[in-house]
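Please look over the sequence and the model before reading on.

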Amino acid sequence: MSAGAIVGVGELAPQRYSAGVTTLSMLATAAIEATHDAGLSRGDIDGLLVGPQVGETPQHVPATVAEYLGLQPTMANVVDLGGATAAGMAWRAAAAIQAGMCQTVLCVLGNINERGRVPRSPNRNPIREFDVPFGASGANTSYAFLAQRHMARYGTTSAQLATAVVAQRENAQLNPKAIFHGTPLTVDDVLNSPFVVEPLRLLEIVMPCAGAAAFIVTSPERARDLRHRPVMISGAGEKITHRAMSQAPSLTSGPLKAAIASAYRQSGTGPADMDMLQLYDCYSIVIALTLEDAGVCPVGESGPWMVENDLTWRGPQPLNTHGGQLSFGQADLAGGMSHIVEAVHQLRHQAGERQIADARTALVTGNGATLSEATALVLQREDV
Amino acid sequence: MTNKDSKAASYPPPTPTAVSAPFWEAAQEERFVYQQCADCARAVFPPRAHCPHCWSQTLAWQESTGEGTIASFTVAHRPGHPAFAELAPFVLALIDVQDGFRLLSRLTQNPDAGLQVGDPVRLVWVASGDWKLPLFEPIPVDGGQ
């Protein structure tokens, strides 16, 4: 059963720094590519989902993007779930179509990353009040707490976490769009990189860059008349539990556990059915925690599991075959969309040199803030 | 703490709200307070106008023991906020306070001192610019001072 299908994808190659471009122009490039990829044109798009942090405007974002693209959608919204935004867009698009508000939804994310750009606007939330004055600012600290706790509780090692980073880098060597294409990596490289927030080192932490990505969702019926074999959204899940790390219900598991369980349940699948794992990977530790929350390996055993299994595109447990955000690049919220774009390419059997044999089912996850906002999708080739 | 704290004047200060002001006012008097729900009796932190556990609006301020354990910690080598660059490396920790809540704070401990998750800690007041902040220090195993 599927409520919607992904019929088009578009993605810019991430770049470390942008200059001379606007966020709106990058969003438009990805959006037009996705629309054409679907075999559709501008007039077919009547739904629009965007992220909250478009460089040129903090408010009225859907209208600003719609005007720029010459769209007049009958459903538009901001999805504000951090790294979980992209996967959260997929089911919202399908739900809007089911509700009769529109037929074909453009989901688009991206941002510029200008050299020397100052941080975003100040705020007055509890993190600003109770974390920042002590010296905790940004996500790094929070993920370091998770890594330290997992290591203390289960004996997970830095070398084990580095293994997953290295496997993804190997995948990136077959992806010309990856920001670290042409730059191989070893476990020693990771372990010799400087500490940023112990126990996490530089090469275990995602590097911000510029870019954009988009995908198009329409009804399963309509999808069958389009250019490519549809990729069905056969299950989705979402859960939000907290914002500040001090308020997290657990330091070794997250709301992804519930979100993934929902996606499995809706699609009638389980971890053994997945031909690939496209897991949100802002930090090495997130891969480990997600593998456990997804039931791919037993709780507490992700460390040795990652070492014992071949996580590259050629192995039986392919993980982030495009390189993951750690090696493909995290272009703001579009980083989380890269996992969807890659899953679609794999399920269409269009992934080139890194194509997984007979790929039919993918688990995609999104993770916002610090294991705070979680989304999961099961995507399947239409003939499954 | 250390003479590095002379930089503290440039640290980002707390940003109290109308609801959280009593916490910061008490802190300047070196009293570590938290809210307790009058209806479900659970601790609430950071301060709120409503209990997140039962949605009661009846919250009372209590004085905390300031003792707890390290739920997790990190040695920050590259702080996210530039004001703390000269203080680095320093230890940030999630503290499980005995009174039933968790907060993020900084430890006065040397980063090389072999901290472990679960280590007991106690409150120590440290000036940071114009503010006094509740930092924590490990409690020695022998209980001595």
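## Helix H9 of chain A

What covers the buried residues of H9(A)? The cover includes strand S8 (231–240), helix H10 (284–293), strand S10 (361–368) and strand S11 (373–381) of chain A, where helices (H or I, at least four residues) and strands (E, at least two) are DSSP runs numbered from the N terminus. The residues of H9(A) that are buried, meaning under 20% relative accessible area, with exposed being over 50% and partly exposed in between (1.4 Å probe, protein chains only), are A:Leu256, A:Ala259, A:Ile260, A:Ser262, A:Ala263, A:Tyr264 and A:Ser267.

Helix H9 of chain A has 12 residues (256–267), which at 1.5 Å a residue should span 16 Å, and its end C-alpha atoms are 16 Å apart, in agreement; the expected span is 1.5 Å times one less than the number of residues. Just after H9(A), A:Gly268 takes a positive phi of about 65°.

## How the model is described

This is a predicted model, in which local features need pLDDT of at least 70 and side-chain atom pairs count only at pLDDT 80 or more, while totals for chains, interfaces and linings use all residues. Residues are numbered from 1 along each chain as its sequence is written, chains are lettered from A and ligands numbered from 1 in the order in which they are written, and side-chain values use heavy atoms, with hydrogens and water left out.

## A residue touching both chains

A:Thr141 lies in helix H5 (residues 139–154) of chain A and is buried, with a relative accessible area of 4%. Not counting residues up to four places away in sequence, A:Thr141 touches A:Ala136, A:Val197, B:Thr74 and B:Leu92, a contact being heavy atoms within 4.5 Å.

## Salt bridges

Over all chains, a search of the whole structure finds 12 salt bridges, each a side-chain nitrogen of Lys or Arg within 4 Å of a carboxyl oxygen of Asp or Glu. One of them joins the side chains of A:Arg348 and A:Asp37 (2.8 Å, N to O), and this pair links distant parts of the chain, 311 residues apart, with A:Arg348 in the loop between helix H13 (334–347) and S10 and A:Asp37 in helix H1 (residues 23–37) of chain A. Both A:Arg348 and A:Asp37 are buried.

In chain B, the closest N and O atoms of the salt bridge between B:Asp96 and B:Arg102 are 2.6 Å apart. B:Asp96 counts as partly exposed at 25% relative accessibility, whereas B:Arg102, at 16%, counts as buried.
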